[in-house]
Amino acid sequence: MHIERIFIKVKSCVILIACLWAGISVVAQQDLAVKAFVEAAGNGHAGDNTPFWMVANKFGLSSVDNSAYLRGSMDLQYKFGDNWRLEAGLDLVGAVGMDANFFVQQAYADIYYRWLGLSVGSRERSFPLLNKELSSGSLVVSDNARPIPQVRFGAFDYVQIWPRFGLKAELSFGWFTDGCFQKDFVDEHNYYSEKVLYHHKSFYMRIGLPEGRWVWEMGYRLDSQFGGKKTDNATGEVFDNGGGWKRYWHALIPQKGDSETTLGDQVQYEGNILGSEFLKLTHNNDLFSLSAYLENYFDDFSGMGKLNGFDGLWGIEYKGHKFKYIDNAVFEYYQSTHQSGPLHGLDFDDMALKTGGADDYYNNFFYTGWEHWGYSLGTPLSVSPVYNDNGSLRFYYNRVRAFHVAFSGDLSDEVSYVGRFNHSRTWGTPFMPTPEMKKSVSAAIEIDYSPAGLKSWHFRFGVGGDVSDVYGDNIGLSVAVRKCFDIVK
(Lines give C-alpha, C1' and ligand atoms only; values in the text may rest on other atoms or scores of the structure.)
Protein backbone atom coordinates (compact mmCIF):
# COMPACT_ATOMS: atom_id res chain seq x y z
CA MET A 1 0.00 0.00 0.00
CA HIS A 2 1.41 3.41 -0.98
CA ILE A 3 1.75 6.36 1.37
CA GLU A 4 -1.09 8.11 -0.49
CA ARG A 5 -3.52 5.31 0.29
CA ILE A 6 -2.49 5.30 3.95
CA PHE A 7 -3.02 9.08 4.05
CA ILE A 8 -6.52 8.70 2.57
CA LYS A 9 -7.45 6.12 5.20
CA VAL A 10 -6.08 8.22 8.05
CA LYS A 11 -7.89 11.28 6.65
CA SER A 12 -11.16 9.31 6.57
CA CYS A 13 -10.60 8.28 10.18
CA VAL A 14 -9.99 11.91 11.17
CA ILE A 15 -13.27 12.88 9.50
CA LEU A 16 -15.05 10.06 11.34
CA ILE A 17 -13.57 11.20 14.66
CA ALA A 18 -14.60 14.80 13.88
CA CYS A 19 -18.19 13.65 13.26
CA LEU A 20 -18.18 11.73 16.53
CA TRP A 21 -16.82 14.84 18.23
CA ALA A 22 -19.66 16.94 16.89
CA GLY A 23 -22.26 14.37 17.90
CA ILE A 24 -20.84 13.99 21.38
CA SER A 25 -20.76 17.75 21.88
CA VAL A 26 -24.50 17.88 21.23
CA VAL A 27 -25.33 15.33 23.91
CA ALA A 28 -22.57 16.34 26.34
CA GLN A 29 -23.57 16.20 29.98
CA GLN A 30 -21.86 16.80 33.26
CA ASP A 31 -20.97 13.11 33.71
CA LEU A 32 -19.50 12.70 30.24
CA ALA A 33 -15.77 12.97 29.51
CA VAL A 34 -14.25 12.55 26.06
CA LYS A 35 -10.52 12.69 25.37
CA ALA A 36 -8.46 12.15 22.23
CA PHE A 37 -4.92 12.31 20.98
CA VAL A 38 -3.01 12.28 17.73
CA GLU A 39 0.51 10.86 17.72
CA ALA A 40 3.29 10.57 15.18
CA ALA A 41 6.26 8.33 15.99
CA GLY A 42 9.18 6.62 14.33
CA ASN A 43 12.21 4.39 14.97
CA GLY A 44 15.49 4.27 13.08
CA HIS A 45 18.45 1.99 13.68
CA ALA A 46 21.84 0.85 12.48
CA GLY A 47 22.67 -2.82 12.76
CA ASP A 48 20.67 -6.01 12.35
CA ASN A 49 17.43 -5.00 14.08
CA THR A 50 15.72 -2.22 15.98
CA PRO A 51 17.13 -2.33 19.55
CA PHE A 52 15.25 -4.70 21.83
CA TRP A 53 13.74 -2.12 24.20
CA MET A 54 12.41 -0.07 21.27
CA VAL A 55 10.38 -3.12 20.19
CA ALA A 56 9.45 -4.90 23.43
CA ASN A 57 6.32 -4.09 25.44
CA LYS A 58 4.88 -1.64 22.89
CA PHE A 59 1.63 -3.60 22.31
CA GLY A 60 2.97 -4.46 18.86
CA LEU A 61 3.33 -0.78 17.88
CA SER A 62 6.89 -1.15 16.67
CA SER A 63 8.97 -3.22 14.29
CA VAL A 64 12.34 -4.95 14.06
CA ASP A 65 12.81 -2.81 10.92
CA ASN A 66 12.86 0.97 10.61
CA SER A 67 9.25 2.10 11.03
CA ALA A 68 6.91 5.04 11.58
CA TYR A 69 3.23 5.50 12.31
CA LEU A 70 0.47 8.06 12.60
CA ARG A 71 -2.06 7.27 15.31
CA GLY A 72 -5.43 8.77 16.23
CA SER A 73 -7.31 7.74 19.37
CA MET A 74 -10.50 8.78 21.16
CA ASP A 75 -11.97 7.44 24.40
CA LEU A 76 -15.19 8.20 26.22
CA GLN A 77 -16.26 7.81 29.83
CA TYR A 78 -19.88 8.33 30.83
CA LYS A 79 -21.56 7.83 34.20
CA PHE A 80 -25.31 7.41 34.27
CA GLY A 81 -27.60 6.58 37.13
CA ASP A 82 -26.08 5.90 40.50
CA ASN A 83 -24.13 2.76 39.66
CA TRP A 84 -23.57 2.56 35.90
CA ARG A 85 -20.50 3.53 33.92
CA LEU A 86 -19.65 3.29 30.22
CA GLU A 87 -16.17 3.38 28.66
CA ALA A 88 -15.55 3.22 24.92
CA GLY A 89 -12.64 3.88 22.61
CA LEU A 90 -11.38 3.81 19.06
CA ASP A 91 -7.66 3.78 18.19
CA LEU A 92 -6.52 3.72 14.54
CA VAL A 93 -3.01 3.45 13.13
CA GLY A 94 -1.48 4.06 9.71
CA ALA A 95 2.09 2.78 9.46
CA VAL A 96 5.10 2.09 7.28
CA GLY A 97 7.69 -0.58 8.03
CA MET A 98 5.31 -2.65 10.19
CA ASP A 99 3.43 -5.89 9.57
CA ALA A 100 0.36 -3.95 8.35
CA ASN A 101 -0.02 -0.51 6.80
CA PHE A 102 -3.35 0.26 8.45
CA PHE A 103 -4.95 -1.42 11.44
CA VAL A 104 -7.28 -0.96 14.38
CA GLN A 105 -5.16 -1.01 17.52
CA GLN A 106 -8.11 -0.62 19.89
CA ALA A 107 -11.88 -0.65 19.51
CA TYR A 108 -13.86 -1.42 22.64
CA ALA A 109 -16.96 -0.75 24.70
CA ASP A 110 -16.99 -1.52 28.44
CA ILE A 111 -20.04 -1.23 30.67
CA TYR A 112 -19.93 -1.49 34.46
CA TYR A 113 -22.59 -1.90 37.10
CA ARG A 114 -20.97 -1.16 40.42
CA TRP A 115 -18.03 -3.59 40.52
CA LEU A 116 -19.26 -5.91 37.76
CA GLY A 117 -18.01 -5.29 34.23
CA LEU A 118 -18.60 -6.46 30.66
CA SER A 119 -15.99 -5.57 28.03
CA VAL A 120 -16.31 -6.15 24.29
CA GLY A 121 -13.56 -5.52 21.76
CA SER A 122 -9.82 -4.99 21.59
CA ARG A 123 -8.18 -2.92 24.34
CA GLU A 124 -4.63 -2.47 25.61
CA ARG A 125 -4.59 -3.93 29.12
CA SER A 126 -1.56 -4.40 31.35
CA PHE A 127 -1.18 -7.04 34.04
CA PRO A 128 -2.26 -4.95 37.07
CA LEU A 129 0.04 -6.58 39.66
CA LEU A 130 3.23 -5.61 37.81
CA ASN A 131 4.67 -2.17 37.13
CA LYS A 132 3.40 -1.35 33.65
CA GLU A 133 6.24 1.02 32.83
CA LEU A 134 9.22 -0.80 34.31
CA SER A 135 8.56 -4.55 34.52
CA SER A 136 9.86 -6.87 31.81
CA GLY A 137 6.29 -8.18 31.58
CA SER A 138 3.96 -10.91 32.73
CA LEU A 139 4.81 -14.45 31.64
CA VAL A 140 1.36 -15.24 30.20
CA VAL A 141 0.04 -12.02 28.62
CA SER A 142 2.23 -8.93 28.76
CA ASP A 143 2.27 -5.60 26.91
CA ASN A 144 4.42 -7.07 24.16
CA ALA A 145 1.91 -8.06 21.46
CA ARG A 146 -1.09 -6.45 19.81
CA PRO A 147 -4.28 -6.82 21.91
CA ILE A 148 -6.54 -9.83 21.32
CA PRO A 149 -10.20 -8.89 20.63
CA GLN A 150 -12.37 -10.56 23.23
CA VAL A 151 -15.51 -10.51 25.36
CA ARG A 152 -14.58 -10.19 29.05
CA PHE A 153 -16.83 -10.50 32.08
CA GLY A 154 -16.16 -10.22 35.79
CA ALA A 155 -14.83 -8.03 38.58
CA PHE A 156 -11.84 -6.37 36.90
CA ASP A 157 -10.75 -4.48 40.04
CA TYR A 158 -10.65 -5.66 43.64
CA VAL A 159 -13.98 -5.84 45.43
CA GLN A 160 -13.64 -5.37 49.18
CA ILE A 161 -15.53 -8.28 50.75
CA TRP A 162 -14.24 -7.14 54.14
CA PRO A 163 -12.02 -4.15 54.97
CA ARG A 164 -8.91 -6.36 54.83
CA PHE A 165 -9.97 -8.84 52.16
CA GLY A 166 -10.59 -8.15 48.47
CA LEU A 167 -11.31 -10.39 45.48
CA LYS A 168 -11.33 -10.01 41.72
CA ALA A 169 -12.04 -12.56 39.01
CA GLU A 170 -12.78 -12.60 35.31
CA LEU A 171 -13.16 -14.81 32.28
CA SER A 172 -13.10 -14.05 28.58
CA PHE A 173 -13.33 -15.55 25.12
CA GLY A 174 -11.67 -13.99 22.10
CA TRP A 175 -10.07 -14.62 18.75
CA PHE A 176 -6.60 -14.25 17.28
CA THR A 177 -6.48 -11.90 14.28
CA ASP A 178 -3.13 -12.85 12.74
CA GLY A 179 -4.10 -15.79 10.51
CA CYS A 180 -3.26 -13.95 7.27
CA PHE A 181 -0.03 -12.65 8.78
CA GLN A 182 1.02 -16.19 9.71
CA LYS A 183 0.21 -17.48 6.22
CA ASP A 184 2.44 -14.81 4.66
CA PHE A 185 5.25 -15.18 7.23
CA VAL A 186 5.92 -18.94 7.16
CA ASP A 187 7.67 -20.64 4.26
CA GLU A 188 7.01 -23.90 2.42
CA HIS A 189 8.71 -25.99 5.12
CA ASN A 190 6.63 -24.81 8.10
CA TYR A 191 3.05 -24.68 9.32
CA TYR A 192 0.67 -21.93 10.33
CA SER A 193 -2.65 -21.74 12.17
CA GLU A 194 -5.68 -19.54 11.54
CA LYS A 195 -9.16 -18.91 12.96
CA VAL A 196 -7.70 -19.64 16.40
CA LEU A 197 -9.81 -18.85 19.48
CA TYR A 198 -8.68 -17.56 22.87
CA HIS A 199 -9.83 -18.14 26.44
CA HIS A 200 -8.76 -16.61 29.75
CA LYS A 201 -9.86 -16.97 33.36
CA SER A 202 -8.27 -15.63 36.52
CA PHE A 203 -8.86 -15.24 40.23
CA TYR A 204 -6.90 -12.99 42.63
CA MET A 205 -7.23 -12.06 46.30
CA ARG A 206 -5.77 -9.26 48.40
CA ILE A 207 -5.25 -9.48 52.16
CA GLY A 208 -4.70 -6.27 54.12
CA LEU A 209 -5.91 -2.70 53.83
CA PRO A 210 -5.30 -1.41 50.26
CA GLU A 211 -2.96 1.32 51.55
CA GLY A 212 -2.01 -0.43 54.77
CA ARG A 213 1.47 -1.26 56.08
CA TRP A 214 1.39 -4.81 54.72
CA VAL A 215 -0.54 -6.09 51.71
CA TRP A 216 -0.48 -9.68 50.47
CA GLU A 217 -1.75 -10.54 46.96
CA MET A 218 -1.98 -13.93 45.35
CA GLY A 219 -3.80 -15.43 42.41
CA TYR A 220 -4.01 -17.77 39.51
CA ARG A 221 -4.72 -17.46 35.79
CA LEU A 222 -5.30 -19.99 33.03
CA ASP A 223 -5.20 -19.10 29.32
CA SER A 224 -5.56 -21.20 26.19
CA GLN A 225 -5.64 -21.34 22.43
CA PHE A 226 -8.34 -23.60 21.03
CA GLY A 227 -10.24 -24.37 17.85
CA GLY A 228 -8.74 -23.14 14.60
CA LYS A 229 -7.11 -24.78 11.62
CA LYS A 230 -3.51 -25.85 11.04
CA THR A 231 -1.95 -25.97 7.56
CA ASP A 232 1.35 -27.80 7.12
CA ASN A 233 3.04 -26.33 4.05
CA ALA A 234 5.63 -29.12 3.99
CA THR A 235 3.07 -31.91 3.50
CA GLY A 236 0.02 -30.00 2.31
CA GLU A 237 -2.04 -31.49 5.14
CA VAL A 238 -4.79 -29.45 6.78
CA PHE A 239 -6.00 -30.21 10.30
CA ASP A 240 -9.23 -28.54 11.41
CA ASN A 241 -10.12 -28.40 15.11
CA GLY A 242 -13.48 -26.89 14.22
CA GLY A 243 -15.56 -24.55 16.33
CA GLY A 244 -18.99 -24.67 17.88
CA TRP A 245 -20.16 -24.38 21.45
CA LYS A 246 -18.51 -27.70 22.38
CA ARG A 247 -15.06 -26.14 21.87
CA TYR A 248 -15.92 -23.21 24.10
CA TRP A 249 -17.11 -25.57 26.81
CA HIS A 250 -13.91 -27.61 26.60
CA ALA A 251 -11.88 -24.40 26.88
CA LEU A 252 -13.86 -23.21 29.91
CA ILE A 253 -13.43 -26.56 31.69
CA PRO A 254 -10.31 -28.28 30.26
CA GLN A 255 -11.18 -31.76 29.04
CA LYS A 256 -9.73 -34.54 26.94
CA GLY A 257 -9.43 -33.82 23.24
CA ASP A 258 -11.43 -35.79 20.69
CA SER A 259 -8.28 -37.66 19.68
CA GLU A 260 -6.53 -37.55 23.05
CA THR A 261 -3.42 -39.52 23.79
CA THR A 262 -3.45 -41.47 27.04
CA LEU A 263 -0.18 -42.95 28.30
CA GLY A 264 -0.17 -44.13 31.88
CA ASP A 265 -1.78 -41.34 33.89
CA GLN A 266 -1.03 -38.56 31.37
CA VAL A 267 -3.76 -37.18 29.11
CA GLN A 268 -3.55 -34.84 26.14
CA TYR A 269 -6.05 -32.04 26.84
CA GLU A 270 -7.74 -30.13 24.07
CA GLY A 271 -6.08 -26.86 23.04
CA ASN A 272 -2.84 -25.20 24.09
CA ILE A 273 -3.23 -24.51 27.81
CA LEU A 274 -0.85 -22.44 29.94
CA GLY A 275 -1.02 -20.18 32.95
CA SER A 276 0.68 -18.77 36.02
CA GLU A 277 0.48 -18.46 39.78
CA PHE A 278 1.29 -15.06 41.28
CA LEU A 279 2.42 -14.07 44.78
CA LYS A 280 3.18 -10.51 45.91
CA LEU A 281 3.98 -9.00 49.31
CA THR A 282 4.07 -5.19 49.72
CA HIS A 283 5.25 -3.04 52.61
CA ASN A 284 4.20 0.63 52.72
CA ASN A 285 5.57 3.45 54.87
CA ASP A 286 5.82 7.23 54.68
CA LEU A 287 9.01 7.22 52.60
CA PHE A 288 8.50 4.35 50.16
CA SER A 289 6.73 1.11 49.33
CA LEU A 290 8.62 -2.09 48.64
CA SER A 291 7.20 -5.21 46.98
CA ALA A 292 8.56 -8.70 46.38
CA TYR A 293 6.81 -10.99 43.91
CA LEU A 294 6.95 -14.27 42.03
CA GLU A 295 5.06 -15.27 38.91
CA ASN A 296 5.33 -19.03 38.38
CA TYR A 297 4.66 -20.01 34.76
CA PHE A 298 3.33 -23.46 33.92
CA ASP A 299 2.53 -25.46 30.80
CA ASP A 300 1.15 -28.50 32.62
CA PHE A 301 0.64 -30.01 36.06
CA SER A 302 4.37 -30.38 36.74
CA GLY A 303 4.93 -26.63 36.46
CA MET A 304 1.72 -25.91 38.34
CA GLY A 305 3.08 -27.98 41.23
CA LYS A 306 6.38 -25.98 41.12
CA LEU A 307 8.37 -28.97 39.87
CA ASN A 308 10.13 -26.52 37.53
CA GLY A 309 12.76 -25.43 40.04
CA PHE A 310 13.51 -21.69 40.04
CA ASP A 311 11.68 -21.07 36.77
CA GLY A 312 9.52 -17.97 36.91
CA LEU A 313 9.70 -14.19 37.22
CA TRP A 314 11.18 -13.10 40.55
CA GLY A 315 11.03 -9.38 41.27
CA ILE A 316 11.46 -6.49 43.69
CA GLU A 317 9.70 -3.16 43.12
CA TYR A 318 10.48 0.15 44.83
CA LYS A 319 8.20 3.19 44.82
CA GLY A 320 9.54 6.34 46.45
CA HIS A 321 7.32 9.03 47.94
CA LYS A 322 9.93 11.75 48.54
CA PHE A 323 12.85 11.50 46.10
CA LYS A 324 11.53 12.43 42.66
CA TYR A 325 14.74 11.80 40.68
CA ILE A 326 14.33 8.03 41.12
CA ASP A 327 10.74 7.52 42.17
CA ASN A 328 10.28 3.97 40.82
CA ALA A 329 12.66 1.06 40.32
CA VAL A 330 12.31 -2.63 39.46
CA PHE A 331 14.80 -5.49 39.65
CA GLU A 332 13.73 -8.82 38.12
CA TYR A 333 15.27 -12.23 37.56
CA TYR A 334 13.67 -14.43 34.91
CA GLN A 335 14.46 -18.11 34.50
CA SER A 336 12.98 -20.70 32.14
CA THR A 337 15.80 -23.25 31.92
CA HIS A 338 14.45 -26.01 34.17
CA GLN A 339 11.09 -26.67 32.43
CA SER A 340 10.32 -29.49 34.92
CA GLY A 341 13.41 -31.46 33.93
CA PRO A 342 15.15 -32.47 30.70
CA LEU A 343 12.94 -35.43 29.76
CA HIS A 344 9.36 -35.53 28.57
CA GLY A 345 7.53 -38.61 29.82
CA LEU A 346 5.44 -39.09 26.68
CA ASP A 347 8.63 -39.83 24.72
CA PHE A 348 9.79 -42.69 26.90
CA ASP A 349 8.56 -45.82 28.64
CA ASP A 350 6.28 -46.10 31.66
CA MET A 351 9.16 -45.52 34.07
CA ALA A 352 9.68 -42.03 32.63
CA LEU A 353 6.04 -40.98 32.56
CA LYS A 354 6.41 -39.30 35.93
CA THR A 355 9.00 -36.83 34.68
CA GLY A 356 6.67 -34.48 32.80
CA GLY A 357 9.64 -32.36 31.75
CA ALA A 358 10.96 -30.62 28.64
CA ASP A 359 7.86 -28.41 28.70
CA ASP A 360 9.07 -26.34 25.73
CA TYR A 361 7.52 -23.09 27.00
CA TYR A 362 5.30 -21.18 24.54
CA ASN A 363 5.56 -23.84 21.78
CA ASN A 364 2.82 -26.21 20.64
CA PHE A 365 2.55 -28.91 17.99
CA PHE A 366 -0.75 -27.56 16.56
CA TYR A 367 -0.47 -23.80 17.06
CA THR A 368 2.62 -21.93 15.87
CA GLY A 369 3.35 -20.62 19.35
CA TRP A 370 2.09 -18.37 22.12
CA GLU A 371 2.35 -15.29 19.90
CA HIS A 372 0.17 -12.69 18.19
CA TRP A 373 1.33 -11.01 14.97
CA GLY A 374 4.78 -12.51 15.54
CA TYR A 375 5.30 -11.05 19.03
CA SER A 376 5.42 -13.13 22.20
CA LEU A 377 2.20 -12.82 24.18
CA GLY A 378 4.20 -13.56 27.32
CA THR A 379 7.56 -12.16 28.32
CA PRO A 380 9.61 -10.59 25.51
CA LEU A 381 12.70 -12.10 27.16
CA SER A 382 11.85 -15.33 25.32
CA VAL A 383 12.78 -14.18 21.83
CA SER A 384 9.67 -13.40 19.77
CA PRO A 385 9.15 -15.37 16.53
CA VAL A 386 9.15 -12.11 14.55
CA TYR A 387 12.97 -12.26 14.79
CA ASN A 388 13.09 -15.65 13.03
CA ASP A 389 14.67 -15.67 9.57
CA ASN A 390 13.85 -19.30 8.76
CA GLY A 391 10.17 -18.94 7.86
CA SER A 392 8.89 -20.34 11.17
CA LEU A 393 6.82 -18.83 13.98
CA ARG A 394 8.11 -21.12 16.70
CA PHE A 395 10.09 -19.99 19.76
CA TYR A 396 13.73 -21.02 19.32
CA TYR A 397 15.10 -19.44 22.52
CA ASN A 398 12.77 -20.33 25.40
CA ARG A 399 15.46 -21.57 27.85
CA VAL A 400 16.56 -18.25 29.33
CA ARG A 401 18.18 -16.73 32.38
CA ALA A 402 17.92 -12.95 32.48
CA PHE A 403 18.44 -10.03 34.85
CA HIS A 404 16.33 -6.94 34.25
CA VAL A 405 16.71 -3.50 35.87
CA ALA A 406 14.52 -0.47 35.18
CA PHE A 407 14.01 2.87 36.90
CA SER A 408 12.16 6.14 36.31
CA GLY A 409 11.93 9.62 37.75
CA ASP A 410 11.35 13.32 37.16
CA LEU A 411 14.26 15.58 36.28
CA SER A 412 12.02 18.66 36.48
CA ASP A 413 8.35 19.58 36.29
CA GLU A 414 8.55 19.22 32.51
CA VAL A 415 11.02 16.36 31.99
CA SER A 416 10.77 12.72 33.07
CA TYR A 417 12.71 9.63 32.06
CA VAL A 418 12.69 5.82 32.00
CA GLY A 419 15.82 3.67 31.84
CA ARG A 420 15.92 -0.08 31.11
CA PHE A 421 18.75 -2.62 31.09
CA ASN A 422 18.84 -6.39 30.83
CA HIS A 423 21.41 -9.14 30.49
CA SER A 424 20.23 -12.54 29.28
CA ARG A 425 21.63 -15.93 28.36
CA THR A 426 19.84 -18.58 26.35
CA TRP A 427 20.40 -22.23 25.52
CA GLY A 428 17.75 -22.67 22.79
CA THR A 429 14.86 -25.05 23.56
CA PRO A 430 14.71 -28.46 25.30
CA PHE A 431 14.37 -30.22 21.94
CA MET A 432 16.63 -27.88 19.92
CA PRO A 433 19.45 -26.75 22.25
CA THR A 434 22.04 -24.34 20.90
CA PRO A 435 25.60 -25.73 20.59
CA GLU A 436 26.85 -22.77 22.62
CA MET A 437 25.21 -20.39 25.06
CA LYS A 438 24.07 -17.12 23.47
CA LYS A 439 24.35 -13.84 25.38
CA SER A 440 22.50 -10.54 25.02
CA VAL A 441 22.89 -7.14 26.65
CA SER A 442 20.22 -4.52 25.89
CA ALA A 443 19.70 -1.01 27.24
CA ALA A 444 17.53 2.00 26.46
CA ILE A 445 16.55 5.35 27.90
CA GLU A 446 13.49 7.46 27.05
CA ILE A 447 13.00 11.14 27.85
CA ASP A 448 9.51 12.66 28.00
CA TYR A 449 9.19 16.41 27.65
CA SER A 450 5.88 18.17 28.40
CA PRO A 451 6.55 21.92 28.12
CA ALA A 452 4.47 24.16 30.35
CA GLY A 453 4.13 26.67 27.53
CA LEU A 454 2.64 24.06 25.19
CA LYS A 455 -0.05 22.42 27.25
CA SER A 456 -1.34 19.11 25.94
CA TRP A 457 1.79 18.59 23.81
CA HIS A 458 4.17 15.76 24.68
CA PHE A 459 7.52 14.91 23.11
CA ARG A 460 9.37 11.62 23.61
CA PHE A 461 12.95 10.86 22.62
CA GLY A 462 14.70 7.53 23.03
CA VAL A 463 18.03 5.87 22.38
CA GLY A 464 18.81 2.19 22.74
CA GLY A 465 21.26 -0.50 21.79
CA ASP A 466 22.04 -4.23 21.85
CA VAL A 467 25.20 -6.31 21.99
CA SER A 468 23.69 -9.69 21.30
CA ASP A 469 24.24 -13.13 19.79
CA VAL A 470 20.50 -13.25 19.15
CA TYR A 471 19.31 -9.74 18.21
CA GLY A 472 22.60 -8.60 16.68
CA ASP A 473 24.64 -5.51 17.47
CA ASN A 474 22.31 -2.54 17.14
CA ILE A 475 21.90 1.12 17.99
CA GLY A 476 18.76 3.12 17.41
CA LEU A 477 16.82 6.32 17.96
CA SER A 478 13.12 6.90 18.48
CA VAL A 479 10.99 10.04 18.51
CA ALA A 480 7.30 10.65 19.12
CA VAL A 481 5.06 13.72 19.25
CA ARG A 482 1.60 13.59 20.81
CA LYS A 483 -1.13 16.22 20.93
CA CYS A 484 -3.95 15.61 23.43
CA PHE A 485 -7.47 17.04 23.31
CA ASP A 486 -10.11 17.38 26.02
CA ILE A 487 -13.19 17.28 23.82
CA VAL A 488 -15.69 17.14 26.65
CA LYS A 489 -14.57 17.64 30.25
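Rings of Phe, Tyr and Trp, the last represented by its six-membered ring, count as a pair if their centres lie within 6.5 Å. In this predicted model, ring pairs join Phe52, Trp53, Tyr387 and Tyr471 into a cluster. The whole structure contains 33 aromatic pairs and four cavities of 30 Å³ or more.

**Aromatic pairs**

- One of the 33 aromatic pairs is formed by tyrosine 362 and phenylalanine 395, with a tilted geometry of 5.3 Å centre to centre and 50 degrees between the planes.
- This pair connects distant parts of the chain, 33 residues apart: tyrosine 362 belongs to the loop between β16 (328-335) and β17 (371-372), and phenylalanine 395 to the loop between β18 (375-376) and β19 (400-410).
- Both tyrosine 362 and phenylalanine 395 are buried.

**Charges over rings**

- Lysine 230 places its charged end over the ring of tyrosine 191, 4.5 Å from the ring centre.
- Arginine 482 has its charged end over the ring of phenylalanine 37, 3.7 Å from the ring centre.

**Largest cavity**

- The volume of the largest cavity is about 90 Å³.
- Its lining includes Asn57, Phe127, Leu130, Lys132 and Asp143.
- By class, this lining comprises seven polar, two nonpolar and two charged residues.

**Second largest cavity**

- The second largest cavity has a volume of about 60 Å³, and among its lining residues are Val383, Arg425, Lys438 and Tyr471.
- Tyr471 also belongs to the ring cluster with Phe52, Trp53 and Tyr387.
- Strands β20 (415-428) and β21 (433-449) each contribute at least two lining residues; β20 provides the largest share, three residues.
- Five nonpolar, three polar and two charged residues make up the lining of the second largest cavity.

Conventions:
Residues numbered from 1 in each chain as written. Predicted model: local features only at pLDDT ≥ 70, side-chain atom pairs only at ≥ 80, totals over all residues. Heavy atoms only, no water. 1 Å grid on protein atoms, 1.4 Å probe; cavity = no way out; pocket = protein on both sides within 12 Å on 5 of 7 lines; lining within 4 Å. Points joined across faces, edges and corners; volume = space filled by probe spheres on them. Nonpolar A, V, L, I, M, F, W, Y, C, P; charged D, E, K, R; others polar. Helix = DSSP H or I, 4+ residues; strand = E, 2+ residues; numbered from the N terminus. Phe/Tyr/Trp six-rings, centres within 6.5 Å; stacked < 30°, edge-to-face > 60°. Buried < 20%, exposed > 50% of the residue type's maximum accessible area, 1.4 Å probe, protein only. Lys NZ or Arg CZ within 6 Å of the ring centre and 35° of its normal.
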